[in-house]
2 protein chains.
Amino acid sequence: MALEHALLVSLREQPASGLELAKRFSRSIGYFWHATHQQIYRVLARMDDDGWVTVTEVPQTGRPDKKVHAVTPLGERVLADWLATPTPMEPLRSELAVKMRGASYGDRAALLDVVRANLADHQIRLDHYRQLEKRHRADRDPARETLTDHALDQYLVLRGGIRIEEFWVDWLTEYLTAHEARLTR
Amino acid sequence: MALEHALLVSLREQPASGLELAKRFSRSIGYFWHATHQQIYRVLARMDDDGWVTVTEVPQTGRPDKKVHAVTPLGERVLADWLATPTPMEPLRSELAVKMRGASYGDRAALLDVVRANLADHQIRLDHYRQLEKRHRADRDPARETLTDHALDQYLVLRGGIRIEEFWVDWLTEYLTAHEARLTR
DNA sequence: GCTGTCATGTAACAGGTTACATGATTCG
DNA sequence: CGAATCATGTAACCTGTTACATGACAGC
């Protein structure tokens, strides 16, 4: 039950419509959380019912009205409480890892191709995140002390995104290297 | 829909009862996949219906009978097909990361404690995995060429477990260090 | 005219979690 | 005698995914 809270974080940064939230979730927050618009609409409706957010219909020219959601004082309290409660350690869940482990029960060459495709995807995403980091440094350096606490948090979460993609690139490379060494023997 | 396939991998390594599988999932395979016994029983029943596994009741002395599941030729084909199909890149989903990002909307000191607790958990798990790796090396080194392909896969997935825990330890340490530096300023 | 974007939603289903239930045996 | 372990399961619920639906405007 964390999508609610992820939405609260995003809405406290900036009130938004359902679709705007969905777009944010494929960017920054999306380093570590993902949600489709259908899911977001459903949860937003519940949050409105529970009084965590208020909804304001904003008319627009040349496009449909949008419903802008903003966090209420109750929502702020709910978020603050959640932030202070311990989070149990979450295990990574990876289909690819299961495939790598079971490789000998199928066509290994085909599986190595699957791994290569995933490696390429992670490499692209890593490059993208590194671009973002570069832009961030160009904006702020060398006056790092001027960062607000929240901007520092955003930066550090981006660092996490970079690190997780480095994990994938390094690990998948290790896997491929070990098996390619065998094939040529 | 990957629990089925994870179970097939585990059952090809060694036929097992539901509870035995649940235990394995909190160990080796569990580096990257987790499942409770309730879920495993439900999925095993479906796999039996679909003819992917056969069930043999094995009487035991002094404890309840167990139902040992073994993979059928059909199950083997299903597994091999699955192994050769591409896996889309899976985003990491982390509640802790959302909290770190939203830290400024709550009590930051409390959140840093939450992060510290998670760091300690990951450190313990990393130490455990490193022990396993050490044991593995002691068993096999320096005759690494004698490893079967499957044993190599098992080792490389353990390497992934080590790498992911290193990711957590390094990243959470970076986060704490950056914020602790602020507090003492 | 077709495709894409903005914007909101419904419905059905699949997957995963939590709580509860049963019954025997072993260990302190 | 009580607690823990082995072993299997049911039921209710929550979360997340996929497919489908609507309607208007913008750009090629």
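At what angle do the axes of helix 2 and helix 3 of chain A cross? Roughly 125 degrees, and the axes come within 9 Å. That crossing and a few others are shown below. This is a predicted model, so local features need pLDDT of at least 70 and side-chain atom pairs count only at pLDDT 80 or more, while totals for chains, interfaces and linings use all residues. Residues are numbered from 1 along each chain as its sequence is written, chains are lettered from A in the order in which they are written, and side-chain values use heavy atoms, leaving out hydrogens and water.

**View 1. Helix 2 meets helix 3 in chain A.** Here we have residues 18-25 (helix 2) and residues 37-49 (helix 3); helices are DSSP runs of H or I, at least four residues long, numbered from the N terminus. Axes are lines fitted to C-alpha atoms over the stretch in contact, with angles from 0 to 180 degrees between N-to-C directions. The two helices of chain A are therefore oblique to each other, a word for whatever is left once angles under 35 degrees count as roughly parallel, over 145 as roughly antiparallel and 65 to 115 as roughly perpendicular. Gly18(A), Leu19(A), Leu21(A) and Ala22(A) touch His37(A), Ile40(A), Tyr41(A) and Leu44(A), contact meaning heavy atoms within 4.5 Å.

**View 2. Helix 1 packs against helix 2 in chain A.** Helix 1 covers residues 3-13, and its axis lies 11 Å from that of helix 2, at an angle of about 100 degrees. That makes the pair roughly perpendicular. On the helix 1 side, Leu3(A), Ala6(A), Leu7(A), Ser10(A) and Leu11(A) meet Leu21(A), Arg24(A) and Phe25(A) of helix 2.

**View 3. Helix 1 also crosses helix 3 in chain A.** Their axes come within 10 Å and cross at roughly 85 degrees, which makes these two helices roughly perpendicular. Among the residues in touch are Leu7(A) and Leu8(A) from helix 1, and Val43(A) and Met47(A) from helix 3.

**View 4. Chain A sits against chain B.** Each chain brings 70 residues to the contact. About 7,200 Å² is buried between them, 60% of it from carbon and sulfur atoms; buried area is the accessible area (1.4 Å probe) that two parts lose on being put together, summed over both. In chain A, Met89(A), Arg101(A) and Tyr105(A) lose the most area to chain B, together 14% of what that side buries.
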